[in-house]
Amino acid sequence: MLFFCLSLSLSLSLSLSLSLSLSLSLSLCLSLCVSLSFTSSLSISPARGVLSFDSLPSLCLWSSACLSLPGKRFVGPEALFHIGLEPISPIIMSSDDIFVIAERPAAEPDSRATDHKVHLKAKTPIVIDHGSETWRVGWASEESPRLRFPPLAGKNRQKNAPMYAGNDALYHIKGRNLTRPNNENGLVVSWETEELLLDHAFSCLGIKETSVAHPIFVTEPLCNPALLRARLSELLFELYGAPSVGYGLDGLCSFYYNRPDARAGLVANLGYSGTTLLPVYDQRLQARKARRIDVGGAHIQTYGRAILGARHPHLVPELNSNVIETIVHRFSRVAPNYKDTLRQLEDPAHVTELLQRFQLPVDLSTIPTQEQLDERARKREVAAQRMRDMQLRRAESLLAGKDQKLQEGLDLMGTLAAAQPEDRAEILTQAGYSSDQAFANELETVDFQGSKLRARVQQVEPDFRPPVFYSEDDQALLDAESDETLTEQQKARRIEVQYIHGLQLLVDDARANRIAAGKDMPDENKQDTPLTIEEIEKVQAEVDSLRADRDRRKKMRSELRDRRSEAAKKQMRLLVQQSEGTKPNKRSRTMRGAKPTRNKETEDDDFGADDEDWAVYARINQKHTGDEEAEMDERIMTLEAQLEDMRTQYAREHPETREQMIESARLALQFALAVERVQIPEAIFEPPIAGIDQSGLIDGMGFVFGDSEPDMASAMAENVFLTGGMSKFAGMAERVQTELTSLRPFRSVVKVWTAQDPDDDAFRGACRLMRQVPDKVCMTKAEYEEYGPDYLKEHMASNMYIPNLTLQ
């Protein structure tokens, strides 16, 4: 068992040998970061540039890889796919515990409050948790937010259509007319959308006046730029007429709600757009020691989507945000020790502990009704009958051609029989036959094909007895013991019949050989058993192969029509070489019987430019290739008719019902996850596996501790606080506890706490601040005008105020 991490930068050619017998010889720039669990060897093929594993365990845990190519970068499963390594499917074990992922309920408009007069009289502060994924808005006197809505806005494309924001936008706006969220990485980038969202929030709180006569508290990101704070303060004071405004960090609000008496601690706010590490000492943020890691819930969901899509590519269209959020937030867990967990999961018994099966919702609107299924079956019967009628007309036409060809053969037989024996060879040659045997084989083939077509037209069993070319009277002439009793005319006829009898014997032998070999003969042993889908697929594969061959022939013939094309020149050379009995000469194309030509070493290849060159083609290619294509078309039509009959028969033997289709769709939307449940949240601790060039959570905490004085670091280690959506992962606190204990000095005390409600505790903490110390939290309009638009009043849950002289 071996875990390793390689970082290789290759340009031109690099050859590296490790104890794993790893050898590389590539002509590209490659950056590879691998974290694997395996039991044998890893190799990269120099010729193909393909990563391969030998003797992988039965469950190959997802490899974490980063592949950098010129102009592109692939991570995780995409990296494995682009370097040629296909993930191995997990062990799927029987389990009755299937979690059904329900459809996300349709968005409902945000409700409008009717109790604003009560809050207006009490001057109740308004708290806005300005999240990057969800806004939470409510009154400071309440413990839960009144509103939760996404920071989206937009309008329909109709003329004079109104603008909507929040859940109203999701409810009213159809299609893709929603704007992007008003923030990127937690920073406001669209102030027009920000104003719409504020209008929506105040309107839902029941505020109908032109001004908002309530103190307002807004959460902001760590180290929020002064310019952005100034813009928001300007909106709240100048546009909405707020009497006072306060700002705070959502992570610190949650910290002081859960740990109100704490004077020091390290707050890890694992939010949607990123993770912030907030060191607190003496109830003040140590902003200069704070750190941000660009790994948040959005990145974890993107990573989870990539993993699930690569593991189950047939389900990619079904992996919407609802499915990903359900799997990531409800079923992912943090492994106590990721490497040890990978080792343990090589044992199927441990896989069973993690195995969870899921059922995606079935869209019943895509399943046809029983009436539609019956109509589909009726149309299938009509199409099959139409195909049979067309095939019957085709068979009648072909039968007429075979009968005519057989009659021509009989006429030629009569000519041969009446001719002198020494003239028969020349007559056969002129007719295109090399011998009596070739002529007999042709007669037998035409008669056999005609018998099959006649049986199809008359809808009877085919008669494969060989044809008889002479009458009973001719047989009597053959049986005569001597010529003395025959007239001169009978003697001449007897000579003709003897030749015809010889051909008859050859035809009988050819038919007997065909029957013995079973060539093109119906299967007499075939039982009347129900059709299988494999039989239909076999016929379909043959039809597809014949069509591809026919298209290839047509393409080649089209290219040969152009005398200047390379294909035509190549065909011409081969024909000339065959006709003249010469071999290809790389230095000259001069051949016996042809005129001297130009030297290819000194002049361009203009073979075929003269009509004399093409005269050879006309002489050699006397026999047209149309017969082969006609036979191929006939075979394709026969198989298509057979395929249509087979499909109709299969549908008749296996009638479709709506219940069966629903069950098939349900089974197709089932899948199982095991190692993915611990792999997805591992990106919090190892961001490179998700393609993010950042340090992990524990590394960031270690940096904060290392940048602090020993007493401060010890005080913070005793009060590590986790909040934010990603802190809800099962096992998160235990993993952080274990990692920090090993990171901190010997016998150091490490205590990890988690917010009671990581989603709403920031809102509750802000409400508590506004209820207890509103004057210490909010700045008034006079202070705003005196100190500048970027001013904020520092408090236990705020950013550090650094005056921006350019805004003063």
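Phe 439 is buried, at a relative accessible area of 1% (buried is under 20% relative accessible area, exposed over 50% and partly exposed in between, with a 1.4 Å probe and protein chains only). The structure here is a predicted model, where local features need pLDDT of at least 70, side-chain atom pairs count only at pLDDT 80 or more, and totals for chains, interfaces and linings use all residues. Residues are numbered from 1 along each chain as its sequence is written, and side-chain values use heavy atoms, with hydrogens and water left out.

Now for the aromatic rings. Rings of Phe, Tyr and Trp (its six-membered ring) pair if their centres lie within 6.5 Å, and planes under 30 degrees apart count as stacked, over 60 as edge-to-face and the rest as tilted. That rule gives 13 aromatic pairs. In one of them, Phe 99 and Phe 358 have ring centres 6.4 Å apart and planes at 80°, so they sit edge-to-face. This pair ties together distant parts of the chain, with Phe 99 in strand β5 (residues 98–100) and Phe 358 in strand β19 (residues 356–359), 259 residues apart. Helices (H or I, at least four residues) and strands (E, at least two) are DSSP runs, numbered from the N terminus. Phe 358 is buried, at 0% relative accessibility. Another pair is Tyr 433 with Phe 439: the ring centres are 5.2 Å apart and the planes are at 55°, so this one is tilted. Ring pairs also join Phe 99, Phe 331, Phe 358 and Phe 671 into a cluster.

Two arginines make use of aromatic faces too. A charge sits over a ring if NZ of Lys or CZ of Arg is within 6 Å of the ring centre and within 35 degrees of the ring normal. The charged end of Arg 514 sits over the ring of Phe 448, 4.3 Å from its centre, and that of Arg 744 sits over Phe 705, 5.0 Å from the ring centre.

On to the helices. The axes of α11 (residues 370–418) and α13 (residues 436–458) come within 9 Å and cross at roughly 150°; axes are lines fitted to C-alpha atoms, for helices over the stretch in contact, with angles from 0 to 180 degrees between N-to-C directions. That makes the two helices roughly antiparallel (over 145 degrees; under 35 is roughly parallel, 65 to 115 roughly perpendicular and the rest oblique). The contact of α11 with α13 involves 13 nonpolar, four polar and eight charged residues, where Ala, Val, Leu, Ile, Met, Phe, Trp, Tyr, Cys and Pro count as nonpolar, Asp, Glu, Lys and Arg as charged, and the others, Gly among them, as polar.

Helix α6 (residues 250–258) has eight of its nine residues buried, so it is largely enclosed by the rest of the structure. Among the buried ones are Cys 253, Phe 255 and Tyr 257. In helix α16 (residues 533–561), Val 543 is buried at 1% relative accessible area. Val 543 and Leu 639 are 96 residues apart in sequence, yet 6.6 Å apart in space, C-alpha to C-alpha.

Lastly, the backbone. Most residues other than glycine have a negative phi. Asn 185 has a positive phi of about 55° and is found in the loop between β11 (183–184) and β12 (187–188), where it is partly exposed at 47% relative accessible area. Gln 283 also has a positive phi, near 55°. Gln 283 lies in the loop between β16 (275–281) and β17 (284–285) and is buried, at 17% relative accessibility.
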